[in-house]
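Welcome, and thank you for taking a look at this one with me. Please have the sequence and the model open side by side as you read.

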Amino acid sequence: MDAESLPYALDLVAGGGGGLSSEKRAALRASLLLLRRDYRFERVRFWGRIQGIHRAGPRSRLYSLNCVEWSLLPPATEEMITQTAGLKGRFQGDPSYEYDPIEKKGEENERIYEEEGGPMIKEEIRLVATIDQIDKAVGIIPRGAFVKTPLGPVHENRNFEGLSLTEAKKLNSYFHFTEPVNLKNRTLLQKADLDPSIDFLDSLEHDIPKGSWSIQLERGGSLVVLRSLLWPGLTFYHIPMTKQFGYIYLGTGEKNIDLPFML
C-alpha cells in the first residue's frame, strides 16, 4: 500500500477484522513519509504487520516495532529460506530472539534431544524469509496493471484504468507478482490467445489447492476484496474502473498447511 493513500487503503481492507488503531495509522503515515525523505526512496509502500507474542526486490524492506522507528532488513536469500523452513509457531516480536534449528522433539518419550547442526537463527532472518514467501505465494496485482516490453523489462502500465466489474469478479483477472511457473509449462496453443505484454505472469485460477482464495464484493459492489486462505491475513483490494489496488498482510506469519484438508 502506498504511503500517500495508506489511511484510505486501510479502510478498504478493514472488513476482514484486521487493522491498525487510529493512533498507529497516524504515526505510521507520518513516519513513512519521513522515511521516504531520509532514505531518498522514490516510493514507500506499507507491506503489513506480523503479530508477535510479546509486541507488536531488489526492494529495500524495513520493519518497525512501534510504527515510528524503522530498521532495514537484509535481502532474502535461498540460504535464509532453507534455514528457516522448519521453524514453526508464533513470532516472538523480538528481532534478536534466536531459534535453535537443531532442537527436535522425540515422538516416543517427548524429550528434547540435540543433533549436530548449524548456528542459531535470529528472528530477523525468519522475518525476512517469511515476508519473501508471502510475497511470492500471495502477492498479487490486477491483470494489465503492469506491462512487459519486448526487450524484457516490466513497468507500471500508465494506461491501466482498472478492471471492469465483470472482470474484477474473476480469479483469472489477477496475477502473482513474481516469476511465473505455470505459464512456462503451457503449450504454444494455450498461449495463442494471451497478450504477451500483459499476460506474462501466472493467474490465480491455477493456484493449488483450488479454493485457496476468497473473492467478495463489498461496499455495495464498488469494492472487490480477495483474501488468501493459504496465508491468512493477506488481503487484496481493487476498486473497479480505477487505478486503486493493493494488498496488505496482517497476521501471525504462519502458513495454513492444513488448507487442503479443510476445502
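1. A word on the model and its overall make-up. Please keep in mind that this is a predicted model. The protein has 7 helices and 15 strands. It counts 263 residues, and 38% of them are buried. Its accessible surface is about 15600 Å², with 52% of that belonging to carbon and sulfur atoms.

2. Setting aside neighbours within four places in sequence, Leu 226 is in contact with a list of residues including Ile 140, Leu 171, Tyr 174, Leu 204, Trp 213, Leu 234 and Phe 236.

3. Now please find Ser 228, which sits in strand 13 (residues 223-228). Is Ser 228 buried or exposed? Ser 228 has a relative accessible area of 4%, so it counts as buried, the cut-off being under 20%. Its side chain reaches the backbone nitrogen of Leu 230 at 3.2 Å. Not counting residues up to four places away in sequence, Ser 228 touches Val 138, Ser 212, Trp 213, Gly 233 and Leu 234.

4. Some backbone details deserve a look as well. Which residues are joined by a cis peptide bond? They are Ile 208 and Pro 209, with omega at about 0°. You will find Pro 209 in the loop between helix 6 (188-191) and strand 12 (213-218).

5. Cys 67 has a positive phi of about 70°, although it is not a glycine. Cys 67 lies in the loop between strand 2 (61-63) and strand 3 (71-73). With 13% relative accessibility, Cys 67 counts as buried.

6. Met 241 also deserves a visit: its phi is near 65°, a positive value in a residue other than glycine. Met 241 belongs to the loop between strand 14 and strand 15. Its relative accessible area is 58%, so Met 241 is exposed.

Terms used:
Residues numbered from 1 in each chain as written. Predicted model: local features only at pLDDT ≥ 70, side-chain atom pairs only at ≥ 80, totals over all residues. Heavy atoms only, no water. Helix = DSSP H or I, 4+ residues; strand = E, 2+ residues; numbered from the N terminus. Buried < 20%, exposed > 50% of the residue type's maximum accessible area, 1.4 Å probe, protein only. Areas by Shrake-Rupley, 256 points an atom, 1.4 Å probe, with all protein chains shown as cover. Polar contact = N/O pair within 3.5 Å; in protein donor to acceptor, adjacent residues only side chain to side chain. Contact = heavy atoms within 4.5 Å.
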